Amino acid sequence: MTSSFGPNGHPVFLAAGDYRATILPVGATLAGLTFGGRDVVLPLAEDEIPQAFTGKVLMPWPNRIVGGRYTFDGTEYQVPVNEPETGMALHGLVAWDAWDVVETSPERVVLKHRLMGQPGYPFQLELQAVYALDAETGLSVELSAANAGTSSAPYGVSAHPYLTADRVPVDRCVLDVPAARVLGGPEQSGSPLDLSELRDTEGTVLAFNAPEPIGARTADHAFTGLPDGDWQVTLTDPETGFGAVLSATGKEAPWLQVYSGEKMDRLGVGVEPMTCPPDAFNSGEGLIVLAPGEEHRLAYRIAGA
């Protein structure tokens, strides 16, 4: 007889000071983070199939591969297209896989997953996600991959938390994104899937660095021109002063996807620190090539504000 289980695996709960976090093994998902009982990321129920990749780890590529096709070391590959409306391969191969919980404590959990490879991505990677809570600084996340195969492997990584100011509408929130450039056109009518042109954000509706609320503005764009050192994105409700902060470094995450959360009823903003832009498997921009035995790490942090 098999035991029953839900679509996300058995949750792991973390606590430190006024912070609480929930981690789900499927997709190494960040399913909840609260500070003082208020939501810092949009929560995901244990038995809920995630919409729009809520909280998931995105490996071995973030964002999109156009047509699901790419060439690496002279060989052409085709990975499954899972975004039919665009004909693109979205967010890697492990978001729906069950990861193994290999270490737990009240403040920390370590999950691992072995990516064995498949016809479109015939590379072997040992993947790890570490979530750790600190009473003062919030949640730190470290995502790593080691090439366990015998040939070099193309690689990129991100994660898909939705920052929220305790689930108030993002229209009334202020969003601060310290990015100088954007793919897909700076005007609101510009397509986020136009990956051919990188433009300045200054003076456009995608310049999320002013004190005005987001209002009706929308985004699903890849940003860059981030500071070389530490950078942070903040989402704040000016009526309560409460908000969320995601921070990383430009060295590890020189790209950032920002999504205004239409599929989440605009109660949170997708903020995705990325090692590379969309379609890096074809452009080569920011693409990481892991030699056999080589390891890569990306760290970021989320806190209440």
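Let's start with Arg-266, which pairs up with Glu-262 in a salt bridge whose closest N and O atoms sit 2.6 Å apart. Keep in mind that this is a predicted model. Across the whole structure, a search turns up 13 salt bridges, and here's a quick look at some of them.

- Arg-266 counts as buried, because its relative accessibility of 12% falls under the 20% cut-off.

**Glu-126 and Arg-114**
- Glu-126 and Arg-114 form another salt bridge, and here the closest N and O atoms are 2.7 Å apart.
- Glu-126 belongs to strand β12 (residues 125-134) and Arg-114 to strand β11 (residues 108-115), so this pair ties together parts that are twelve residues apart in sequence.
- On the accessibility side, Glu-126 is partly exposed, with a relative accessible area of 28%.
- Arg-114 counts as exposed, because its 55% relative accessibility is over the 50% cut-off.

**Arg-297 and Glu-295**
- The side chains of Arg-297 and Glu-295 also meet in a salt bridge, at 2.8 Å from N to O.
- Arg-297 is partly exposed at 38% relative accessible area, and Glu-295 is likewise partly exposed at 42%.

Terms used: Residues numbered from 1 in each chain as written. Predicted model: local features only at pLDDT ≥ 70, side-chain atom pairs only at ≥ 80, totals over all residues. Heavy atoms only, no water. Salt bridge = Lys/Arg side-chain N within 4 Å of Asp/Glu carboxyl O. Helix = DSSP H or I, 4+ residues; strand = E, 2+ residues; numbered from the N terminus. Buried < 20%, exposed > 50% of the residue type's maximum accessible area, 1.4 Å probe, protein only.
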